[in-house]
Amino acid sequence: MLKLLAKQANTQRARQKLLPVLLLASLGMSGCASTVSQDNTVPQEVVSAHPEDPWESFNRRVFAFNDVLDRYALKPVAQGYKTVTPEPVQTGVSNFFSNLSEVRTALNSLLQGKPANAGLATSRFLINSTVGIGGLLDYATLMEITADKEDFGQTLAVWGWDDSRYLVLPLLGPRTLRDASGLPVDIAAHPITYMDDHQLRAGLTALDIIHLRAGLLDQESLISGDRYRFVRDAYLQRRQFEVNDGVLGEDPFATDDFDFDDTDFGDDDFAD
């Protein structure tokens, strides 16, 4: 059992190293107060003309509000959780909540016309919920059964809502208008929503948030420059990556179709 937990811990660490910068955007509560002045106005020079962020002035204020809550409430609790909780237990918590999200993935995969991915997510849920002791152990991954995570925001993108404005929500952090519109459906598709024990439901929700925040502690040092813009761009890139199911698009320089005309350059272009 310890050997299995250790193997899963290594798998979890490998996942965290894949896109550590983009993971920061999933919570987005890591400080932007430095870009807001004392009277809570946003300096004109920091307001950009980002086409997907026309509400930047409003978003920065909400981001600063989230930062205060994070700095004085969520982050200290997450640091304490990470300090006192053994790594195998943290891995089990991560596996548990990841397993519950397979239900949402299966439903949205069907809505997107991806029956194969829905079948994989369903298989993962059944295997990990039974053999994996309620999802604490990720046997499905060890069996090389993996599925692309899907939510209703991605479903709306598949249905035609391609471009959406960036929006920072109080407490919930970065979203797009499309993703925020899909939140009620995602909540309805989560098994915790239907627990009769309200205290247990609230406790599990709090544990999920704290665990997610603890997982971002080591990556905070990667943020550089304007924190707001860093998290915004990382979130938008991550969401595009997820909507495209990990397809980054074609690199014209990596294909034979790229037409390089050597007549465009002369000897003088390479002269000292």
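At 14% relative accessibility, T85 counts as buried, because the cut-off for that class is under 20%. Keep in mind that this is a predicted model. T85 sits in the loop that joins α3 to α4 (87–111), and its side chain reaches back to the backbone oxygen of Y81, at 2.6 Å.

**The overall picture**

The protein chain has 10 helices and two strands. Reading from the N terminus, the order is α-α-α-α-α-α-α-β-β-α-α-α. Of the 272 residues in the chain, 40% are buried. If you take the contacts with a separation of 6 or more, 72% of them are between residues 24 or more positions apart.

**α3 against α9**

How do α3 and α9 pack, and at what angle? Helix α3 (residues 56–84) and helix α9 (residues 198–215) meet at about 85°, and their axes are 8 Å apart. Angles of 65 to 115 degrees count as roughly perpendicular, so that is the label for this pair.

On the α3 side, the residues involved are D70, L74, K75, V77, A78, Y81 and K82; on the α9 side, they are L207, I209, I210, H211, R213 and A214. Sorted by class, the contact has eight nonpolar, one polar and four charged residues. An α-helix has 3.6 residues a turn, so residues three or four places apart point the same way. With that in mind, look at L74, A78 and K82 in the α3 list.

**A closer look at α9**

Which residues of α9 are buried? They are L204, H211, R213 and A214. Their cover includes α3 and α4.

The N-terminal end of α9 is capped by D197, with a side-chain oxygen 3.1 Å from the backbone nitrogen of Q199. The length of the helix checks out too: at 1.5 Å a residue, the 18 residues of α9 should span 26 Å, and the end C-alpha atoms are 26 Å apart, so the two agree.

F65 lies in helix α3 and, at 42% relative accessibility, counts as partly exposed. T91, in helix α4, is buried at 4%. Each has a partner from elsewhere along the chain, as the table shows.

| Pair | Apart in sequence | C-alpha to C-alpha |
|---|---|---|
| F65 and P170 | 105 residues | 7.3 Å |
| T91 and L137 | 46 residues | 8.4 Å |

Most residues other than glycine have a negative phi. Two residues here are worth checking against that.

I133 is not a glycine, yet its phi is positive, about 55°. You'll find I133 in the loop between α5 (115–130) and α6 (139–142). Its relative accessibility is 49%, so I133 counts as partly exposed.

L171 has a positive phi as well, about 70°, and is not a glycine either. Where does L171 sit? Its place is the loop between β1 (166–169) and β2 (173–176). Is L171 buried or exposed? With a relative accessible area of 54%, L171 is exposed.

Conventions. Residues are numbered from 1 along each chain as its sequence is written. This is a predicted model: local features need pLDDT of at least 70, side-chain atom pairs count only at pLDDT 80 or more; totals for chains, interfaces and linings use all residues. Side-chain values use heavy atoms; hydrogens and water are left out. Axes are lines fitted to C-alpha atoms, for helices over the stretch in contact, and angles run from 0 to 180 degrees between N-to-C directions. Helices (H or I, at least four residues) and strands (E, at least two) are DSSP runs, numbered from the N terminus. Angles under 35 degrees count as roughly parallel, over 145 as roughly antiparallel, 65 to 115 as roughly perpendicular and the rest as oblique. Contact means heavy atoms within 4.5 Å. Ala, Val, Leu, Ile, Met, Phe, Trp, Tyr, Cys and Pro count as nonpolar, Asp, Glu, Lys and Arg as charged, and the others, Gly among them, as polar. Buried means under 20% relative accessible area, exposed over 50%, partly exposed in between (1.4 Å probe, protein chains only). A polar contact is a pair of N or O atoms within 3.5 Å; within protein, one must be able to donate a hydrogen and the other to accept it, and residues adjacent in sequence count only if both atoms are side-chain atoms. The expected span of a helix is 1.5 Å times one less than its number of residues.
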